[in-house]
Amino acid sequence: MNPRALAILVLARVRATDAYLNVVLDTMLSESPPKDPRDAGLATELTYGATRRQLALDYAITRFADRKLDAMEDRVLAALRIGAYQIFHTRVPARAAVAETVQALKEVGLTRAAGFTNAILRKLAELPSPPLPSASDVAHHLSVRESHPQWLVERWLRQFGRERAEAMLVADNQSPPVVIRANTSKVTRDALLAQLQEVGVEAKAATVSPVGIILPPVGRVEDVYGYSEGLWQVQDEAAQLVGVYGAIPASARVLDACAAPGGKSCHLAQEHDVVAVDLHAHKLRKIDGEAKRLGLTSRLKAYAHDAAEPFPEAWGEFHAMLVDAPCSGLGTLRRHPELRYRRKEEDLSRLATLQRRILENCQESVPAGGLLVYAVCTMEPQEGQDQVEMFLRSHPEWTAEPPVLPGLKLPLTQAYLRTLPGPEGFDGFFAARLRKLY
């Protein structure tokens, strides 16, 4: 299928079903695999790029559309966004971007909308740059320019100041690198790095993570050396740092209370016996599959269970617990760009309440002297530091205890791990390492 036609169908399905962009794209690429890998790359660039820049593209399209965007057919709006993205954000000549996008719309069965789409895209192609609201209204200007909802821009401006907030917004619109974590039950990071370089992969060591490797653009990760042998697993560097920061003793038996999709469970299982728990049983299949590929099935067992409810006594005692709690996901917007348009400010309070319930339940199962690592993939204090400090105030038997890791400079704020989107290249994460004193 024409990559632009494929991109139109992907964005239309995402809009119609509220599905995750990566899931829809992967599914449709599997159903209609392009003959040329470059076409898959173009479809990926168009879908992710148009989603990351959606508010700015819509702002431009609205200038020339004679109907509200919400009233447009899904495939028509998708075509307009994809066409506008090419005009403003790629090196595709404007005339070709218009013509190819209109032709793709015809290929997906909407010839009747070709004239309307062509007229708008031709007007956009005449603009010297994307239209933007006045810079005097900083929040509105940044919201449109960097395509983040205004409520979120305003929060980040208050919390982080303009310079850092703007850096975070810009970072969210960059394509993230492919980062992998060496499976140290089979190979050291340095040995794996050398092996990758020997076979021609221009890999380099991660900035901070002692087990991380950054890959160049590689297409299908399944085709990269070491994947089928289970020598590594894809995992963002910030997510790797949660496991490193936890510094759980090698002899400890660990419960991962909110395990899906399983990256942190597998990281732990490289050195520990792990019980991985998730509310949704269907998500456990991916955890089991990855554990098998990595050779960790003897150390990792997965069960369906609600982490907000008491754990079965039959599971036995755990010396440490990871609570990678359900959260807003606002630290991962470069990987899941559609999430920024779905999250509402009121979600933060709802999620914080759920996190509190899970944390309260999980701490009951940790024995005196045991560890609990609480983590969220967001920078919101309500879900992170404020949540933990409220817990500590109500539980004097617990204390924050950062790890002692000589030679490793983790990004710590007070006792806590915190990474922010920005030029450092991280996703946004928060983690707290807590010790139960009695």
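The domain assignment of the protein chain lists domain 1 (3-126), domain 2 (138-173), domain 3 (179-234) and domain 4 (238-436). The model is a predicted one.

**Exercise 1. Describe the interface of domain 3 and domain 4 by distance, residues and buried area.**

Solution. 
1. Taken over C-alpha atoms, the centres of domain 3 and domain 4 are separated by 24 Å.
2. To the contact, domain 3 gives 18 residues and domain 4 gives 19 residues.
3. The size of an interface is often expressed as the accessible area lost when the parts come together.
4. Between them, domain 3 and domain 4 bury about 1,400 Å², with 51% of it on carbon and sulfur atoms.
5. Within domain 3, the residues that lose the most area to domain 4 are Arg181, Val208 and Gln233; together they account for 41% of what that side buries.

**Exercise 2. Characterise the polar interactions across this interface, and the side that domain 3 contributes.**

Solution. 
1. Count the salt bridges between domain 3 and domain 4: the number is zero.
2. Count the polar contacts: 10 residue pairs are found across the interface of domain 3 and domain 4, with both residues at pLDDT 80 or more.
3. Locate the elements on the domain 3 side: strand S1 (178-182) and strand S4 (232-234) each supply at least two residues that touch domain 4.
4. S1 provides the largest share of that side, four residues.
5. Sort the side of domain 3 that touches domain 4 by class: eight residues are nonpolar, seven polar and three charged.

**Exercise 3. Are Asp18 and Gln414 buried or exposed, and where does each lie in the chain?**

Solution. 
1. As a reference, most residues other than glycine have a negative phi.
2. Asp18, which is not a glycine, has a positive phi near 60°. Its position is in the loop between helix H1 (3-17) and helix H2 (21-31).
3. The cut-off for an exposed residue is over 50% relative accessible area. Asp18 has 55% relative accessibility and therefore counts as exposed.
4. Gln414 likewise has a positive phi, of about 60°, without being a glycine. Gln414 sits in the loop between strand S11 (412-413) and strand S12 (416-419).
5. Gln414 reaches 61% relative accessibility, so this residue counts as exposed.

Notes. Residues are numbered from 1 along each chain as its sequence is written. This is a predicted model: local features need pLDDT of at least 70, side-chain atom pairs count only at pLDDT 80 or more; totals for chains, interfaces and linings use all residues. Side-chain values use heavy atoms; hydrogens and water are left out. Buried means under 20% relative accessible area, exposed over 50%, partly exposed in between (1.4 Å probe, protein chains only). Domain bounds come from an automatic or database domain assignment. Contact means heavy atoms within 4.5 Å. Buried area is the accessible area (1.4 Å probe) that two parts lose on being put together, summed over both. A salt bridge is a side-chain nitrogen of Lys or Arg within 4 Å of a carboxyl oxygen of Asp or Glu. A polar contact is a pair of N or O atoms within 3.5 Å; within protein, one must be able to donate a hydrogen and the other to accept it, and residues adjacent in sequence count only if both atoms are side-chain atoms. Ala, Val, Leu, Ile, Met, Phe, Trp, Tyr, Cys and Pro count as nonpolar, Asp, Glu, Lys and Arg as charged, and the others, Gly among them, as polar.
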